[in-house]
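The sequence and structure come first.

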Amino acid sequence: MPPILRNKRHEAQSAFTPENLLREARRQKNLAVMPLPDVCILDPDGDVVRHLRERGRAIRNPNWACYHTDLHVFRHDEADFGIVGCAVGAPFAVLVAEELFASGCRFLISVTSAGQILPVEPPPYFIVIDRALRDEGTSYHYLPAAEYSTGNTALANAASAALSESGISARVGATWTTDAPFRETEDAIAAAAKAGLLAVEMEAAALYAFAEARGRSVLCFAHVTNQMGRVEGDFEKGAADGAEDSLRVISLAARVWRAIGQAPAP
């Protein structure tokens, strides 16, 4: 048994909680308790945050108490959102997710760039992730060992339908979550393709495990933008580094979440 699975009691309460961390951060920084928008976004690449800031559309929240990130707020399609950029990788993404929900977030959307595994169409395009292969460590601290973390299927399918109706190229499917992008070997990529995985990314398995364990609403999107640098001219996201397309996806996902009853992951 690997060390990560030893002495695991997943039902046990954590001695260290995001609420306590944020309490101490607010005390040290003399910050007020301010509620967040009910829908928040993880933007691991930071392209959406940069795009909004460059256009004067996002304002930094001075009362966000996280030690490691800035949170910006913005309005889009008549709705308010909070967004954290550059929280890349499973451990960082879940750390921020814990703090967002402890601060008033009710629905978290992650839009992360991803490498193509199965060539379903030329990049860039979006995948609504319904499950993710757990080739990372963070998810095992939230749920017992299993091959996949599974999201809210009804929410994923409804979001995919909404994107298709709006003319956004998107598929529902499974991805491979890894902690080690520079260990994506040819054998590992071939195994992922054989398993029917559409893309490789770095956060979804952990975020879905967190969502299931904590009863939170999370939906993860993979923005397939590359083939792991194996071709010239890779990593192109489209206009504005894909930010406007991502904002359309985010807005539609938020509408779907509100429309179907704001249900947490099963």
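How many residues lie between β3 and β4 in the hairpin that they form? There are two residues between these strands, and Asp77 in the turn has a positive phi of about 50°. The model is predicted, so local features need pLDDT of at least 70 and side-chain atom pairs count only at pLDDT 80 or more, while totals for chains, interfaces and linings use all residues. Residues are numbered from 1 along each chain as its sequence is written, and side-chain values use heavy atoms, with hydrogens and water left out.

**Strands**

Strands (E, at least two residues) and helices (H or I, at least four) are DSSP runs, numbered from the N terminus; two strands pair if DSSP finds at least two bridges between them. β3 (residues 71-76) pairs with β4 (residues 79-85) in the antiparallel sense over six bridges, and Leu71 stands opposite Val84 in β4. β2 (residues 58-60) also pairs with β3 in the antiparallel sense, over three bridges. Ile59 has Val73 in β3 as its bridge partner.

**Cores**

A nonpolar core is a set of buried Ala, Val, Leu, Ile, Met, Phe, Trp, Tyr and Cys residues joined through side-chain atoms within 4.5 Å, where buried means under 20% relative accessible area (1.4 Å probe, protein chains only). The largest such core has 71 residues, and Leu42, Leu100 and Phe221 are among those with the most contacts inside it. Helix α7 (residues 243-259) supplies the largest share of this core, nine residues. Apart from it lies another core of ten residues, including Trp176 and Leu197.

Leu219 also belongs to the group with the most contacts in the largest core. Beyond four places away in sequence, Leu219 touches Leu108, Val128, Tyr208 and Ala253, among others (contact: heavy atoms within 4.5 Å).

**Pockets**

On a 1 Å grid over the protein atoms alone, a pocket is an open set of points where a 1.4 Å probe fits, with protein on both sides within 12 Å along at least five of seven lines; lining residues have an atom within 4 Å of a point. A volume is the space filled by probe spheres set on the points.

| Pocket | Volume | Lining by class |
|---|---|---|
| Largest pocket | about 740 Å³ | ten nonpolar, six polar, eight charged residues |
| Second largest pocket | about 370 Å³ | eight nonpolar, six polar, five charged residues |

Of the 24 residues lining the largest pocket, the closest to its centre include Ser14, Glu98 and Arg214. α3 gives the largest share of that lining, six residues. The second largest pocket is lined by 19 residues, with Ser113 and Phe235 among those nearest its centre; β5 gives the most to this lining, four residues.

Key
Ala, Val, Leu, Ile, Met, Phe, Trp, Tyr, Cys and Pro count as nonpolar, Asp, Glu, Lys and Arg as charged, and the others, Gly among them, as polar. Buried means under 20% relative accessible area, exposed over 50%, partly exposed in between (1.4 Å probe, protein chains only).
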